[in-house]
Amino acid sequence: MGDFSYINARVKVMKSHLLPPNRVLEFLGAQDLEVFIQALADTPYNMELQEALSRFRGARAADEALAQNFYHATRRILSFADGSPRLQIEVVLLRYDLQNIRAIVRGRHTGKSEEEILATLYPGGLLSEAKLRELLQQPDLRAIADTLVTWMHPLGRAVRQGVEAAQRSESLLDIEIALDRAYAQFGLRVADGEGGGEATFRRFLQAQITGTNVKTALKLRRMRELGREERARFYILGGAIALDRFLAFADPMSSISEIAGLPLLGAQLTGTESLLEMERAIDRAFQRMAAQMYLADPLAIGVVIGYLTRKATEVSNLRVIAHAKLLGLSDDVARQEIVVV
């Protein structure tokens, strides 16, 4: 047990339980949230949905069911693996901890409620829903960081260092870049270890680092007071973009057209002058690239990466529809938030 030929065979069975894309879009036609939940009961999410409905109602129950179903899927995949394949899978799953910690930090900074933040989280890495709730109950960002360090979480010290830097700079970007750098370094250490250096895994890590560097450069363009050396400290090694090019992108005096014309992860960023839209395009391009890894080497981690990306996207799309029904948003507005991979 544990090699990718065995793991991938099991994951391919799990993929057969994903909803067809047209089925997800059919949920948009639900008259209201109650009808949406009734339709969701006729899917592989039913077991988690019934458990959630015993404790919650409405969108809260849907959020809970979808999150728990995703978490159960990640635990099942880990149960198939050991040795080097398990370490690689754990790195992939650590992305969800990275995203969840970032969402908690941003949510606390902007004054969102615990329930609002929980609705955006995807337990899938080392942090279960119970641990995520415990983090949300901490009084401030420093306490969140200290809790992660106490749990010996791989990103804990990075959060603490980021919080200390953010207190000096008054910018959340310091926390986010500390998280991104720690994740990249952790992943590259696994890739450099025995059995961890296969090409698909390295390509996945490099793509993440490249996308992060470009998105960071876009953020830095809004921070006109920073000098070149200050901008350089936000660069993460290991991607496909060199430091000089990163600094050119990050310079607010440079032309945005150079970034807009960059073919990144298979996507052209042309057609918009909005930096936020470019960031969103990068995220979606990465999702599509990671989803297509399912079709890569059947004896490598790409099948796992592709499945997890498709599963997370499905969960996200269903959450979007649930909240659109809750808020009474039109199908056209909700459709703009749905991602097709």
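These questions and answers concern a predicted model and the reasons behind some of its labels.

Q: Why is Pro85 called buried?
A: Its relative accessibility is 16%. Buried means under 20%, so the label applies. Pro85 has its place in helix H6 (residues 83–110). The C-alpha atoms of Pro85 and Phe4 are separated by 6.8 Å, although these residues are 81 apart along the chain.

Q: What makes Phe27 and Phe36 an edge-to-face aromatic pair?
A: The structure holds six aromatic pairs. In the pair of Phe27 and Phe36, the distance is 5.4 Å centre to centre, with 65 degrees between the planes. Phe27 and Phe36 are both buried.

Q: Why is the pair of Phe70 and Tyr122 edge-to-face?
A: The ring centres are 6.2 Å apart and the planes stand at 85 degrees, so the pair is edge-to-face. This pair links distant parts of the chain: Phe70 is in helix H5 (residues 58–79), and Tyr122 is in the loop between helix H7 (114–118) and helix H8 (129–136). Both Phe70 and Tyr122 are buried. Together with Tyr96, they form one aromatic cluster.

Q: How do you know that Arg319 lies over the face of Tyr122?
A: Arg319 is at 4.7 Å from the ring centre. The distance limit is 6 Å, for CZ of Arg. The charged end of Arg95 likewise sits over the ring of Tyr96, 5.8 Å from its centre.

Key. Residues are numbered from 1 along each chain as its sequence is written. This is a predicted model: local features need pLDDT of at least 70, side-chain atom pairs count only at pLDDT 80 or more; totals for chains, interfaces and linings use all residues. Side-chain values use heavy atoms; hydrogens and water are left out. Helices (H or I, at least four residues) and strands (E, at least two) are DSSP runs, numbered from the N terminus. Buried means under 20% relative accessible area, exposed over 50%, partly exposed in between (1.4 Å probe, protein chains only). Rings of Phe, Tyr and Trp (its six-membered ring) pair if their centres lie within 6.5 Å; planes under 30 degrees apart count as stacked, over 60 as edge-to-face and the rest as tilted. A charge sits over a ring if NZ of Lys or CZ of Arg is within 6 Å of the ring centre and within 35 degrees of the ring normal.
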